[in-house]
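This report describes selected helices and residues of one protein model. The sequence and the structure are shown first, and the description follows.

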Amino acid sequence: MNRQDSRYRWAVFFAVLLAYYLIVSQRTAPGLITNQLMHTFHISAAAIGLMGSLQFLSYALLQIPVGLLSDRFGPNRFLVVGALLDGLGTLLYSVSGNEYMLMGSRFLVGMGDATIFVNFVAVVNQWFQAKEFIGLLGVIGVAAGLGSLTATVPYALWIAAMGWRIPFLVVGLVIMVCAVLLYVVLIAKPKRMFGASPAMAESRLRPQQNVMATLRRMFSTRQAWATAMCHFGLVGTYVGFIGSWGVPYFMQVFGMSRAAASSLLMCGLFGAMAGGPVTSALATRLGMTKRIYTFVHAITFLSWLLWFLIGDKPPLWAIIVLLVLIGFGNGGSSLTFAVVRDSFPIEMVGVVSGFSNMGGFVSAILLPSLFGYVLGLFPEHLLVLGYHDGLVIPALFSLVGLVGVRLIRQPGYTEAGVHMSV
């Protein structure tokens, strides 16, 4: 039985999708309790920013190693280990007694999270046909949006009812159960059904490249840097702001409750859930990936810029519109991996996907800390001005993404032996 024609491939896809959905929720859920952590542990805004940055630092540092290992050994075991690490980190976060344990647990969550997306893309490559790839990226984008959506009003209500520790404890346990499910679905059952794993079968059919040669080839290729810049501009600005300072922004600037602020962030999440499937469908139907992606980046940059320009007390309706557009851009970031898949040979797709994904989370590392530093420059009674001035950071970061998408090579171009077909 061919894996790419079997019905079992959908069991594989949805098992990984479930784990991905839960893990994504833990990227932004800590943003709901920023003020509580500052009060409970007596830590500064800068320390909160550092905490968020540590999670994304571990994520970013592991992207290239994970990509290389995925290309060499296949994605399955890395997905299982990643889910275990993420679940364990979430459990430790729920029982933390000081700021150092909080930071260590978030670093562990970032390590687990680092293995998920790149290996999910590899699983889709192995189990599905090329014509299905972009459409499934859109579905993955919807799952990411749902994960972030869960970490708004549902989590806020849960936290209000039971405190912040129990929700993180329960979710950590569920993610660890998902790790067991992934082992069964990805490793144990396919071994009985199909024999050798597809990664091992493919490795016998293609030459294994020297690691340093692969890295030199990637780092010398303009296309790889361009896709990393794209992700830097779309993903990090969104995740870094929503996950750390989104809820406090609306609580401080508009005087909202935590639940109300969380519900407002849902506007961006609805945009993100639409962005993945809409942009993927347009790219598949029209065959103009770069042109569509350029439009996505332009809209995102203009949205952040306008948010900054309209002042420190903007109309709420305008912020809602801008959140939807910024979220749409984050959802459209899945096109980064369509560019990678069409631009590089199969033995480099994992490592280049990791490098591109790293770009987004380098941005997510920098933004919370820089935003927290800006806030630290203002006294408490002038924090509204601090939040306004901090918005220049995502505006500048999104400009990097716009430059990156313009650097993506046109169809038919070849560089350093790499075929370009975007």
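Is cysteine 267 buried or exposed? In this predicted model, cysteine 267 has a relative accessibility of 16% and therefore counts as buried, the cut-off being under 20%. Cysteine 230 is likewise assigned to the buried class, because its relative accessibility is 0%. A search for disulfides across the whole structure returns 0.

**Buried residues**

| Residue | Relative accessibility | Class |
|---|---|---|
| Cysteine 230 | 0% | buried |
| Cysteine 267 | 16% | buried |
| Aspartate 113 | 2% | buried |
| Tyrosine 387 | 4% | buried |

Aspartate 113 belongs to helix 5, which covers residues 99-114. With a relative accessible area of 2%, aspartate 113 falls under the 20% cut-off and so is classed as buried. Leaving aside residues up to four places away in sequence, aspartate 113 is in contact with Ile23, Arg27, Tyr59 and Asp86.

Tyrosine 387 is part of helix 19, formed by residues 383-390. Its relative accessibility of 4% places tyrosine 387 among the buried residues. When residues up to four places away in sequence are not counted, tyrosine 387 touches Trp245, Pro248, Tyr249, Gln252, Val253, Phe371 and Leu375. Asparagine 210 lies 177 residues from tyrosine 387 along the chain, and 47 Å separates the C-alpha atoms of these two residues.

**Packing of helix 6 and helix 7**

The crossing of helix 6 past helix 7 is right-handed. On the side of helix 6, the contact is made by Phe117, Phe120, Val121, Val124 and Asn125, while helix 7 contributes Phe133, Leu136, Leu137 and Ile140. Sorted by class, this contact contains 8 nonpolar residues, 1 polar residue and no charged residues. In general, an α-helix has 3.6 residues a turn, so residues three or four places apart point the same way.

**Helix 16**

Helix 16 consists of 16 residues, numbered 316-331. How far does helix 16 reach from its first C-alpha to its last? The distance is 23 Å, close to the 22 Å expected at 1.5 Å a residue. Which residues of helix 16 are buried? They are Ala318, Ile319, Leu322, Leu323, Ile326, Gly327, Gly329, Asn330 and Gly331.

Definitions and conventions: Residues numbered from 1 in each chain as written. Predicted model: local features only at pLDDT ≥ 70, side-chain atom pairs only at ≥ 80, totals over all residues. Heavy atoms only, no water. Left-handed = near helix turned anticlockwise from the far one by under 90°. Helix = DSSP H or I, 4+ residues; strand = E, 2+ residues; numbered from the N terminus. Contact = heavy atoms within 4.5 Å. Nonpolar A, V, L, I, M, F, W, Y, C, P; charged D, E, K, R; others polar. Expected span 1.5 Å × (residues − 1). Buried < 20%, exposed > 50% of the residue type's maximum accessible area, 1.4 Å probe, protein only. Disulfide = S-S within 2.5 Å.
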